[in-house]
Amino acid sequence: MRLGLVRYRYAAGGGAEKSLLMLASGLAARGHEVHVGVSEWVGDNPEGVAVHQTGAKAASKEFAHTVRGLMEGLKLDTWLSLERVPGSPMLRTGDGVHAAWLKRRAPYQNLLRRFYCAMQPKNRGLLDLEKRTFGYDGLKKVIANSNMVAGELTGYFGLPPEKIELIYNGVNGADSWREEQARAARRQVRSELGVDRDVPVMLFLGSGFQRKGLGFAINALTHLPRVQLWVAGRDRTAAFKFQAKRLGVSGRVRFLGQRGDADRLLAAADLMCLPTIYDPCANSVLEALAAQTPVVTTLGNGAGELIDQGVNGYLVGSPQESDVLAGVVQKALRLKTPFSHRVPGYDEMIERTAASMEAVVRSAES
């Protein structure tokens, strides 16, 4: 089959970008002719995959119009967009629903900020693009990466359940955790960072610090006198460093920057804390569970559906209540590992997505 994939931009490092790369390579390995439409591709092209760079500068309407024309011009059997592109026959909602994100963010903003966001051209443009994307009559299938997102698709756009398929994000090495390797990594990382083995450490892992709740994690430290917070990810740090200093906890917050060794950090930490406002399905949570590291996250995180409360982590409602968040962290620090819980791997995600695309093609042919 001639199959296509769409993403605005590819650059190694992000969870959505990794999913795109794995999907493209996986589809090619199944014998399909695979075409990828992007504005820009930074890095090596995957073997057996044709990459088409449109050069469109805007991430919304301009790119959507250009890449749709590209995909249709290639005469593909079907194509799957990982972006909001009106006219897509198939979509994977890795970025969730923008309308839902704005609603979840609103309680944490003052009235002036809410008004600004409502009037902001970028948000209005995305909402319009989203409405036209999910309202397209020719839309055959939408892949949601959590039940939370599946519910949003039905609630905001009236998509019938039969058009929605649940396929969680996948992680590498979901079944490869070894206790001996984890113990060695824990010793090495803590030695590198000068942290004693008995110091409780919670890891914040992810880029986009404000949305993912780094400020809430720092607030919780005021109720956790012995705990260190390690922050790994890409974003501006000045405001959060100032917050930590103002609260008197700066000595227990370590900003590690963008790292390529998340597995080692997870082994060295005692838990991962991601008090996110909204996340369709945080890859970092899946990575933590695969590494047998307990997780504390929120009901606004689709990956929380894989948490068994009191076994491999805990969920909180409002991350803004720092004492409640701290109390849950304390409980998570007492959880026993390893725990028995299956985490979806990349192979499963690729196989199920490929099967979904193949089914759409066969349905059109019959």
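Start by selecting N312: its side chain reaches the backbone nitrogen of D308 at 2.7 Å. That counts as a polar contact, meaning a pair of N or O atoms within 3.5 Å; within protein, one must be able to donate a hydrogen and the other to accept it, and residues adjacent in sequence count only if both atoms are side-chain atoms.

Before moving on, a word on what you're looking at. This is a predicted model, where local features need pLDDT of at least 70 and side-chain atom pairs count only at pLDDT 80 or more, while totals for chains, interfaces and linings use all residues. Residues are numbered from 1 along each chain as its sequence is written, and side-chain values use heavy atoms, with hydrogens and water left out.

**Still at N312.** You'll find N312 in the loop between β14 (295-298) and β15 (313-316). (Helices, H or I with at least four residues, and strands, E with at least two, are DSSP runs numbered from the N terminus.) Is N312 buried or exposed? N312 is buried, at a relative accessible area of 0%; buried means under 20%, exposed over 50%, and partly exposed in between, using a 1.4 Å probe and protein chains only. Show its surroundings and, leaving out residues up to four places away in sequence, you'll see N312 touching L289, P294, V295, L306, I307, L335, F339 and H341. Contact here means heavy atoms within 4.5 Å.

**Next, select 322-332.** This is helix α12, and its buried residues are S322, L325, A326, V328, V329 and A332. Look down the axis of α12: these buried residues fall within an arc of 160°, so they line one face of the helix. (The arc is that of the directions from the helix axis to the C-beta atoms.) Among the elements covering them are β10 (201-205), α8 (214-220), β13 (271-274), β14 and β15.

**Now the core.** Pick L153, M202, L203, L229, W230 and M272, which touch the most other members of the largest nonpolar core, a set of 80 residues. Such a core is a set of buried Ala, Val, Leu, Ile, Met, Phe, Trp, Tyr and Cys residues joined through side-chain atoms within 4.5 Å. Zoom in on L203: apart from neighbours within four places in sequence, L203 is in contact with W230, A232, L265, L266, A269, L271, M272 and C273.

**On to strand β6, residues 78-81.** Both of its faces are covered, with T78 and L80 buried on one side and W79 and S81 buried on the other. Strand β1 (residues 2-6) pairs with β6 in the parallel sense over four bridges, and L80 is the bridge partner of L5. Strands count as paired if DSSP finds at least two bridges between them. Strand β7 (residues 90-92) also runs parallel to β6, joined by two bridges.

**Last stop, the charges.** How many salt bridges are there? The count comes to 17, taking a salt bridge as a side-chain nitrogen of Lys or Arg within 4 Å of a carboxyl oxygen of Asp or Glu. E40 sits in strand β4 (residues 40-42) and R9 in strand β2 (residues 9-11), 31 residues apart. Then select R132 and D128, whose closest N and O atoms are 3.2 Å apart; these two are four residues apart in helix α5 (residues 121-134), separated by about one helical turn. Finish with E192, R259, D261 and R264, linked in a network of salt bridges. Within it, D261 is buried at 13%, whereas R259 is partly exposed at 28%.
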